[in-house]
Amino acid sequence: MTHDVIYLDNNATTRVDPAAFEAAAPYFCDLYGNPSSIHTFGGNVAKAVLKARLQVAELLNAPYRNADGVPTEIIFTSCGTEADNAAILSGLAARPSRKKIVTTRVEHAALLNQCRNLEHEGYEVVRLGVDGHGRLDMDEVRRAIDADTAIVSVMWANNETGTVFPISEIAKIAHDHGALFHTDAVQAAGKIPIDLEKNSEIDMLSIAGHKLHAPKGIGVLFVRRGVRFKPFVVGGHQEFGRRGGTENVPSIVALGKAAELAREGLEEEVLRLGRLRDRLEKGVLGSIDHIRINGDLNSRLPNTSSISFEYIEGEAILLMLDQFGICASSGSACTTGSLEPSHVLRAMGLPYTAAHGTIRFSFSKFNTGEEVDRVLEVLPGVISTLRQLSPYWPPKES
Ligand SMILES: Cc1ncc(COP(=O)(O)O)c(C=O)c1O
């Protein structure tokens with residue numbers, strides 16, 4: 001079992017909630033019918049899929065129901081990546097005379113790599129930059145979106161720093177120019193309130209089950225009623241003809257339950273997670289020098305803390321923390337022969353000595369204050385040991 005592990009890498013993936021697992025379990029060996037079947041056995045499974053669709057719609061506050069009470073704006077996909085890809089491609093298909101995509105430099109690879117491919121096909125891609133705190137410049141946003149823009153895609157919250165973007169404002173600008181607006185809410189859903197009734201300018205939104213205590217391999221694309229949609233996975237009539245393929249029923253049921261649980265506890269959990277994060281950051285600030293806390297401190301997810309420990313390598317910190325059973329992640333991606341900081345930290349213009357030593361701690365409802373205290377017991381020693389070995393330490397200015 002994993003009890004001796006302190007898991008602070010919840011933006012990478014989360015533990016499946018035992019209640020979500022329990023809800024899904026009967027749909028493997030007992031209730032294994034195909035939801036599209038005419039017989040009652042399959043029909044009962046279809047009812048479970050409908051229940052999950054309603055649970056997800058409630059988490060997102062997407063109130064539209066068709067005449068049969070079905071929230072047809074919720075489309076189950078295989079993951080967040082598929083939802084992102086489907087949104088971009090469908091957005092371009094819906095505005096065929098327009099050739100421009102506006103996005104940011106700090107999106108997930110699911111978005112950025114699809115955009116790069118589209119650029120090779122002749123589309124113009126504008127990637128908005130961010131400042132040192134990971135914030136967009138709204139004047140730049142306004143200048144970038146124009147009558148040739150088919151779709152604007154800006155994430156709700158960044159996976160590395162937790163920075164939350166003013167997506168409602170950006171969506172409005174997109175609509176002023178007749179463009180569609182999509183947001184990757186993979187890191188936001190279940191962590192902060194999402195209200196698609198209030199944020200009525202959002203046309204499409206992606207989520208991924210495994211970031212909110214459902215299994216890996218299940219996602220959702222919300223497509224607002226009236227928005228033209230071109231299926232990405234073409235096949236059978238599933239998902240209202242918008243996503244072919246027999247439904248991943250157990251994962252859909254688990255996601256429904258996870259969404260229900262996230263919604264029920266959200267208000268309290270936002271505060272609790274914020275307290276855990278602040279306890280960590282306060283402790284780190286009080287015990288380790290030459291650090292910086294990254295992201296927009298006035299607008300970020302309550303569960304995410306990105307901390308740069310200057311003059312050392314993030315990977316070394318992670319390996320040492322791992323020896324204490326502490327799981328976190330770094331803001332670096334290993335490329336052949338060199339350790340390059342992530343595109344997010346590069347976009348923020350972090351100095352080399354800080355970007356390389358950046359660690360992301362991300363909390364979930366399963367983390368406790370005792371776990372934070374254990375990290376604070378271990379971390380100063382880890383940082384000090386590594387700095388003694390670092391060729392950049394002590395820093396020249398001191
Ligand atoms: C912001 C963001 N978007 C998209 C994804 C991709 O989701 P999935 O792993 O379900 O494909 C992730 C996963 O890390 C993410 O953090």
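Helices, like strands, are DSSP runs numbered from the N terminus, and a helix is counted from at least four residues. By this convention residues 238-241 form helix H8, and Glu 239 has its place there. In this predicted model, phi of Glu 239 is near 55°, a positive value in a residue other than glycine.

Along its principal axes, the C-alpha trace spans about 70 × 50 × 40 Å. A compact globule of 398 residues would have a radius of gyration near 21 Å, and the 22 Å of the chain agrees with this.

The chain falls into two domains. Domain 1 comprises residues 6-12 together with 266-389, whereas domain 2 covers 18-261. Their centres, taken over C-alpha atoms, are separated by 28 Å. At the boundary, 21 residues of domain 1 are in contact with 20 residues of domain 2. On the domain 1 side, the elements that contribute two or more residues are helix H9 (249-287), strand S10 (304-309) and helix H11 (343-347). Of these, H11 gives the most, with three residues. The residues on this side of domain 1 are divided into seven nonpolar, 11 polar and three charged.

Strands of a sheet pair through backbone hydrogen bonds, in either a parallel or an antiparallel sense. Here the order is S9-S10-S15-S12, and the pairing is antiparallel. Strand S9 (291-294) and strand S12 (329-330) stand at the edges with a single partner strand each, so one side of each has no neighbour in the sheet. Within the sheet, S10 is joined to strand S15 (residues 358-362) over five bridges in the antiparallel sense. In this region Ser 308 stands opposite Thr 358 of S15. Helix H9 lies across S9, S10 and S15, and its direction makes an angle of about 15° with S10.

A further open sheet has seven strands, in the order S2-S8-S7-S6-S5-S3-S4, and its pairing is mixed. Its edge strands are strand S2 (74-77) and strand S4 (124-128), each of which pairs on one side only. From one strand to the next, the twist averages 20°. Strand S7 (residues 204-208) and strand S8 (residues 219-223) run antiparallel and are joined by five bridges. Ile 207 stands opposite Val 220, which belongs to S8.

The ligand is the next point of interest. It is surrounded by 14 residues, and the closest are Cys 79, Gly 80, Thr 81, His 108 and Ala 208. Helix H4 (residues 80-94) supplies the largest share of this shell, namely three residues. By class, the shell holds five nonpolar, seven polar and two charged residues.

Finally, the segment after helix H13 (369-389) contains Pro 394. The peptide bond between Trp 393 and Pro 394 is cis, with omega about 0°.

Note on methods
Residues numbered from 1 in each chain as written. Predicted model: local features only at pLDDT ≥ 70, side-chain atom pairs only at ≥ 80, totals over all residues. Domains from an automatic or database assignment. Contact = placed C-beta atoms within 7 Å. Nonpolar A, V, L, I, M, F, W, Y, C, P; charged D, E, K, R; others polar. Pairing = 2+ DSSP bridges. Axes fitted to C-alpha atoms, helices over the stretch in contact; angles between N-to-C directions. Near = placed C-beta within 6 Å. Rg over C-alpha atoms; globule rule 2.2 N^0.38 Å.
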